[in-house]
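Subject: Structure handover

Hello,

I am passing this structure on to you. Please open it and keep it in view while you read my notes.

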Amino acid sequence: MHISSESLLIILVVGLIAGWLAGQIVHGSGFGIVGDIIIGIVGAFIGSWLFPQLGIHLGTGIVAAIVNATIGALILLLIIRLVRGGGGGGWRWGGNWGRRW
């Protein structure tokens with residue numbers, strides 16, 4: 001399988017935007033560039049698998065890809081939050097580095 005550099009750039013940009021949006025909604029801030037990209041790309045895989053299972057088609061294009069990846073990333077973050085036991089203390093991937101409590 002060969003991915004062109006343009007395709008890779010689009011995947012990274014969609015992942016970054018989707019991860020950042022999901023972080024804003026669930027966490028109140030993003031998770032840093034790398035964290036946002038990882039969350040967004042994993043979210044895109046979740047959305048790409050889940051929506052056809054439910055019979056949902058969002059369309060084609062970059063906006064549909066961002067919406068798909070954002071919803072998938074939201075699902076991922078909510079599952080992580082449920083597994084980790086809710087909110088609060090242990091839920092920090094990117095914010096408050098070096099801050100003393």
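Below is what I found, from the overall fold down to single residues.

Overall fold

Please bear in mind that this is a predicted model. The chain has three helices and zero strands. Along the sequence the pattern reads α-α-α. The chain has 101 residues, and buried ones make up 30% of them. Take the contacts with a separation of 6 or more: 60% of these join residues 24 or more positions apart.

Helix α1

Start with helix α1, residues 5-26. Its 22 residues should span 32 Å at 1.5 Å a residue, and its end C-alpha atoms are 31 Å apart, so the two values agree. Which residues of α1 are buried? They are V14, G15, A18, G19, A22, G23 and V26. These residues cover an arc of only 160° around the axis, so they sit on the same side of α1. On the other side of α1, S5, E6 and L9 are exposed. The buried residues of α1 pack against α2 (32-54) and α3 (62-84). Just after α1 comes G28, with a positive phi of about 90°.

Helix α2

Now move to α2. It has 23 residues, which should span 33 Å at 1.5 Å a residue. The end C-alpha atoms of α2 are 31 Å apart, which agrees. Its buried residues are G35, D36, I37, I39, G40, G43, G47 and F51. The cover over these residues includes α1 and α3. Just after α2, G55 also has its phi listed: positive, at about 80°.

The nonpolar core

In soluble globular proteins, nonpolar side chains tend to be buried together. Here the largest nonpolar core has nine residues in all. They are A22, V26, F31, I39, A73, L74, L76, L77 and I80. At least two residues of this core come from α1, and at least two from α3. Which helix supplies the largest share of this core? That is α3, with five residues.

Leaving aside neighbours within four places in sequence, A22 is in contact with H27, T70, A73, L74 and L77. Why does A73 count as buried? Its relative accessibility is 0%, and buried means under 20%. Not counting residues up to four places away in sequence, A73 touches A18, A22, I39 and G43. A73 and A18 are 55 residues apart along the chain, yet their C-alpha atoms are separated by 7.0 Å.

The largest pocket

Rolling a probe the size of a water molecule over the atoms shows where empty space is left. How much space lies in the largest pocket? About 210 Å³. The residues that line the largest pocket are I10, I11, V14, G15, G40, I41, A44, F45, S48, A65, N68 and A69. The elements that give two or more residues to this lining are α1, α2 and α3. The largest share of the lining, five residues, comes from α2. Two of the lining residues, V14 and G15, are also among the buried residues of α1. G40 is in the lining too, and G40 is one of the buried residues of α2.

Over to you.

Best wishes

Terms used:
Residues are numbered from 1 along each chain as its sequence is written. This is a predicted model: local features need pLDDT of at least 70, side-chain atom pairs count only at pLDDT 80 or more; totals for chains, interfaces and linings use all residues. Side-chain values use heavy atoms; hydrogens and water are left out. Helices (H or I, at least four residues) and strands (E, at least two) are DSSP runs, numbered from the N terminus. The expected span of a helix is 1.5 Å times one less than its number of residues. Buried means under 20% relative accessible area, exposed over 50%, partly exposed in between (1.4 Å probe, protein chains only). The arc is that of the directions from the helix axis to the C-beta atoms. Contact means heavy atoms within 4.5 Å. A nonpolar core is a set of buried Ala, Val, Leu, Ile, Met, Phe, Trp, Tyr and Cys residues joined through side-chain atoms within 4.5 Å. On a 1 Å grid over the protein atoms alone, a cavity is a set of points where a 1.4 Å probe fits but cannot get out, and a pocket is an open set with protein on both sides within 12 Å along at least five of seven lines; lining residues have an atom within 4 Å of a point. Grid points are joined across faces, edges and corners, and a volume is the space filled by probe spheres set on the points.
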